[in-house]
Amino acid sequence: MGGGGYEAAMLRQHSTAEPSSEKRRADHTEIYPVCRDMQTRTIPITVDGRWSMADGQWSMVDGWRLLAYSIPAGGVLCLKKGKPDFGCPQRLLVMAIHDKTILPHTRSSRRDSFAMLIAIFCGYGLAVIAPWLIKWLGRRGGLIAAFVPAMAFIWFASHIDMIAHGDTVLVRYPWVDFYAIPLSFHLDGLSLLFALLITGIGTLIFVYAAAYLDGHPRQGRFFAYLAMFMSSMLGLVLANNAIVFFVLWELTSVTSFLLIAFDHERAESRRAALQALIVTAAGGLAMLAGLLILARTAGTYEIADLIKLDITAIPEPTILVVMLLLLAGAFTKSAQWPFSFWLPNAMAAPTPVSAYLHSATMVKGGVYLCLRFNPLFAEADAWMPLLMVFGGVTFIISLFKAFGESDLKRVLAQTTVASLGLLILLIGSGSAIMIEAAIVYLFAHALFKGALFMAAGSVDHGSGSRDINYLGGLAGAMPITAAAALMAALSMGGMPPFIGFLGKELMYADPHIFLILPVLIGGNVLMFALGGVIALRPFYQLPALFSGDRSSPPEAHEGHWGLWIGAMILAIGGLLSGLFAHDLGTWLLAPAIQAVTGTDHAKPISLHLWGGVTPALVLSIVTIMLGLIVLSLSDRKRAWISRRALRINADSVYDLKLAMLIQLSKRITAILHTGRLHQYLSIGLLVPGLAIALGLAYNPDSMAPAAPIAGIWNDVAGVQSGGLYGYEILLMLLIAAASIAAMGIAHRLTAILILGVGGIPLALLFLVFGAPDLAFTQLMVDTLLLAVLALILTRLRVDIADVRSGVRICRDGAIAILFGGSLGAALYAATRAPLDTRLTDYFNAESVVSAHGRNIVNVILVDFRALDTLGEITVVLTAGLAIVVLLERRRQVHRGSLAAKE
Amino acid sequence: MKTPILHVLAPVIAALLGVLAIKILLQGHNAPGGGFIGGLIGAAAVMMMGFLASSATIRARLRIDPLQVAGLGVFLAVLSGLLSWGRGMSYLSGLWWYPFGKDGTALSTPLLFDIGVWLVVASVVAAVALALEQARDDEGHGDDEGARTE
């Protein structure tokens with residue numbers, strides 16, 4: 001028995017599985033998730049887009065009719081019961097056909113599938129109501145909004161047990177059926193870890209933002225953006241369809257743009273926002289290309305299947321191109337060198353955004369991509385070197401740069417870039433322990449960096465400054481913030497018993513790391529020292545640029561509890577997760593590691609603070625010692641180190657490129673956009689005229705008359721249709737006469753009137769030939785155009801007579817003759833070819849039957865092609881708005897000049 | 001322009017055009033006409049009055065900004081599509097009701113859509129014409145001389 005029989009059996013199983021519920025819910029679209037251990041095969045597609053199986057007809061299986069159009073092999077198949085009546089509520093059965101087993105254990109219920117959609121997209125709903133929530137309730141509104149991410153966090157947390165036991169949740173929801181793109185989401189260990197970070201830290205950020213932006217006039221909008229970002233990011237880490245993944249990827253870029261540009265009155269914010277958008281969106285497009293190539297090669301768009309491909313079966317150049325394109329996306333998103341410049345600039349965003357998007361979540365998108373596709377590329381030759389080189393370079397360079405910064409947030413941003421580089425480096429190292437280290441460090445980083453950013457914002461809020469040279473001795477005034485910052489910095493520096501220590505231990509635990517050991521040690525030393533700078537400098541030391549023994553600035557104070565609670569919770573979280581590392585590893589991190597290494601069975605990992613005197617411990621102690629030495633060096637020495645560091649300023653390269661682009665478009669615009677209507681019209685008529693004339697000249701057969709002698713006249717006179725009536729010829733002569741007369745009249749208004757007169761016989765001609773709608777329209781357009789033109793002409797200060805030189809008249813005449821002539825010839829050629837009447841026949845047949853209308857023109861406009869019309873009326877509205885605005889502006893200018901005269 | 005003949009006839013013609021515009025809109029599905037043509041006729045009615053009175057007067061009489069009406073038109077068109085979409089059909093599928101029996105007047109989402117088209121076309125053309133007239137009114141008496149001397 002072939003695949004057809006198997007699938008038929010499977011379908012039967014589905015259609016008979018729940019006979020009662022099927023009848024009850026006949027009106028609802030239902031989703032059938034992929035069933036356990038499904039082993040099917042892809043279905044070949046015949047040319048006409050229908051499905052066929054090699055053995056047996058597939059169009060009707062057990063009463064289920066195929067509703068699939070053109071679906072790539074391995075895509076989703078839509079089945080529908082009953083007649084193909086598009087007008088009735090449909091019941092779709094969506095199933096996934098895969099050419100290999102998807103996952104060893106996939107558990108999913110319908111309750112899950114719907115709940116997951118809500119958990120992912122709740123942010124968009126919140127975005128709609130957030131502005132009102134804030135408007136009515138102020139800061140309390142923000143706190144209420146925080147319940148949404150909190151609920152999502154609880155929902156995801158309730159799946160920890162299940163995921164830890166090796167199950168995953170896969171849901172599919174029909175979305176763009178025509179292109180076989182389902183909204184499919186896959187919750188596995190890696191996605192769960194990210195989802196918990198996004199919703200958990202998100203909750204704290206919402207609380208934080210409520211206090212941080214308290215009283216800000218646009219706070220509601222801020223929450224809306226933040227909520228939209230959260231949903232996009234959740235969708236990104238859960239998406240299982242490559243297209244869905246891409247869409248959400250770009251949505252995170254767009255929401256990030258909106259958030260960075262939140263203070264849009266500042267030029268710095270606008271520039272930073274645009275820069276971040278251009279860099280990350282461009283990377284996203286490269287990633288899309290990579291995903292498309294990969295999906296076409298593999299025949300599936302489902303990421304869970306893509307990463308299980310056998311890479312050796314794919315040509316090596318293809319896999320290299322795919323890898324480079326995906327890495328372009330990952331490196332821009334995760335700010336890897338040389339694309340790292342946008343992230344420090346993005347610190348122009350309000351601090352909650354920096355803490356959430358630009359340290360804990362969004363910038364990890366690229367890291368997520370690398371982790372997600374690691375099972376696929378792990379065997380490829382170029383994967384490890386690419387990740388290691390770029391990750392390593394980013395790691396070291398940005399740490400040096402961090403020493404040169406004095407703005408707390410920019411220091412933190414540089415260390416974030418460094419941490420991202422470290423993560424990429426660890427993934428690229430390839431060994432299981434390094435992946436483990438990457439996951440542990442990723443978790444640790446999200447906690448301590450989120451805490452440090454929130455503490456920095458709290459300092460900014462309480463003291464009015466973020467400059468580490470100016471701040472000092474704040475520990476007394478802001479004790480809670482100082483404590484949170486200290487704990488977070490200890491985790492960042494890799495001190496026990498914080499979770500950061502475990503991440504560092506694991507990095508040193510791989511015996512094969514001697515190649516990157518200097519990079520790791522050097523980086524960790526600098527990281528430790530920076531942690532000290534951030535946490536000690538503003539709180540415990542004297543300000544560098546302020547003489548005196550008091551805290552600086554003196555009026556510093558601890559803010560609202562919302563400002564420090566988030567930092568405190570995250571800092572304590574870093575401590576607790578270090579203390580209970582073993583449980584954390586078992587329940588949360590091991591499933592994530594399993595998803596990244598691509599092994600089928602979860603390997604239990606053991607995280608312990610004390611594992612005896614190992615080489616890793618010795619290296620840790622060395623790192624901390626060196627870090628203390630660097631920290632004890634004076635600020636000046638640190639700045640000196642930073643200046644010695646490699647100085648390739650990609651930021652200025654970006655500016656240069658952007659300036660060149662703008663210059664280029666200015667030049668092109670200067671050529672094309674002269675502001676001379678006469679020139680636009682000449683080009684607009686000349687180019688299509690020439691194109692048509694050349695097309696006809698290239699294909700002379702289309703113009704050949706039916707009979708050599710007097711053939712054209714016979715055609716025109718319509719020998720077949722019995723010739724023209726006298727009044728028809730009269731109407732044509734009237735049109736011609738009006739056109740010729742218009743040419744001879746010097747006065748513009750009169751010429752236009754005469755042309756308008758020519759339009760009336762044309763309308764009559766349409767009527768005679770049986771197109772009343774066309775005639776109507778022609779008449780009305782003609783009349784209105786005349787009126788509008790008259791209005792324009794009376795107020796445009798143009799010469800009322802034609803003052804063109806003879807040469808110009810000849811040139812314009814030639815263009816007019818060329819355009820008119822070629823259009824006429826094209827029409828003639830078109831009528832000579834046999835008319836394809838398929839569409840006409842269809843509309844004739846269906847107009848009354850399915851659209852209840854006898855006026856086919858109208859039925860096409862409002863029913864068959866209603867979407868086109870919708871687009872057109874939108875264009876009409878937009879054009880109308882533009883015209884009115886332009887006229888209004890002109891009026892104001894005019895008024896201004898009048899006032900100036902007086 | 002303000003001849004006595006125009007003064008007497010313009011309101012009558014405008015009113016007739018207005019009625020005709022609605023008639024053309026409503027008969028459109030089965031007889032020549034429809035929202036587009038009807039909308040153009042409606043705009044012609046407004047412009048007719050524009051010849052008679054200043055655009056400020058017309059605006060005051062209309063009470064509502066034509067461009068807002070145009071926005072309402074697009075909204076109605078989008079809404080008509082959502083009605084069928086909300087019932088599980090593809091967007092903009094036609095829905096038909098026969099409140100007066102099978103042979104009576106039918107209500108349908110294509111009709112709603114056509115009303116949207118009518119509103120957009122009529123109000124955008126009217127708005128543009130009014131804006132042009134207003135600009136002319138503002139520039140006032142100096143206009144004609146200016147046109148001649150330059």
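A helix here is a DSSP run of H or I with at least four residues, and helices are numbered from the N terminus. In this predicted model, B:W85 lies in helix α4 of chain B.

B:W85 also belongs to a nonpolar patch on the surface, together with B:L72, B:F75, B:L79, B:L82, B:L83, B:W97 and B:L107. The accessible area of these residues together is about 770 Å². Helix α4(B) gives the most to this patch, with 6 residues.

The interface between the two chains comes next. The size of an interface is often given as the accessible area lost when the parts come together. For chain B and chain A the buried area is about 4,400 Å², and 70% of it is on carbon and sulfur atoms. Four helices of chain B, α2 (35-52), α4 (66-85), α5 (109-139) and α6 (142-149), each supply at least two residues of the side that touches chain A. Of these, α5(B) gives the most, with 18 residues.

The contact involves 46 residues from chain A and 52 residues from chain B. The table sorts the side of chain B that touches chain A by residue class.

| Class on the chain B side | Number |
|---|---|
| Nonpolar | 34 residues |
| Polar | 10 residues |

How many salt bridges does the rule find across the interface of chain B and chain A? The rule finds 0. Polar contact, by contrast, is found across this interface in 10 residue pairs, with both residues at pLDDT 80 or more.

Notes:
Residues are numbered from 1 along each chain as its sequence is written. Chains are lettered from A and ligands numbered from 1 in the order in which they are written. This is a predicted model: local features need pLDDT of at least 70, side-chain atom pairs count only at pLDDT 80 or more; totals for chains, interfaces and linings use all residues. Side-chain values use heavy atoms; hydrogens and water are left out. Contact means heavy atoms within 4.5 Å. Buried area is the accessible area (1.4 Å probe) that two parts lose on being put together, summed over both. A salt bridge is a side-chain nitrogen of Lys or Arg within 4 Å of a carboxyl oxygen of Asp or Glu. A polar contact is a pair of N or O atoms within 3.5 Å; within protein, one must be able to donate a hydrogen and the other to accept it, and residues adjacent in sequence count only if both atoms are side-chain atoms. Ala, Val, Leu, Ile, Met, Phe, Trp, Tyr, Cys and Pro count as nonpolar, Asp, Glu, Lys and Arg as charged, and the others, Gly among them, as polar. Patches are made of residues with over 30% relative accessible area and no salt bridge: like charges are joined within 9 Å, nonpolar side chains (Val, Leu, Ile, Met, Phe, Trp, Tyr) within 5 Å. Accessible areas come from the Shrake-Rupley method with a 1.4 Å probe; for residues, only the protein chains shown count as cover.
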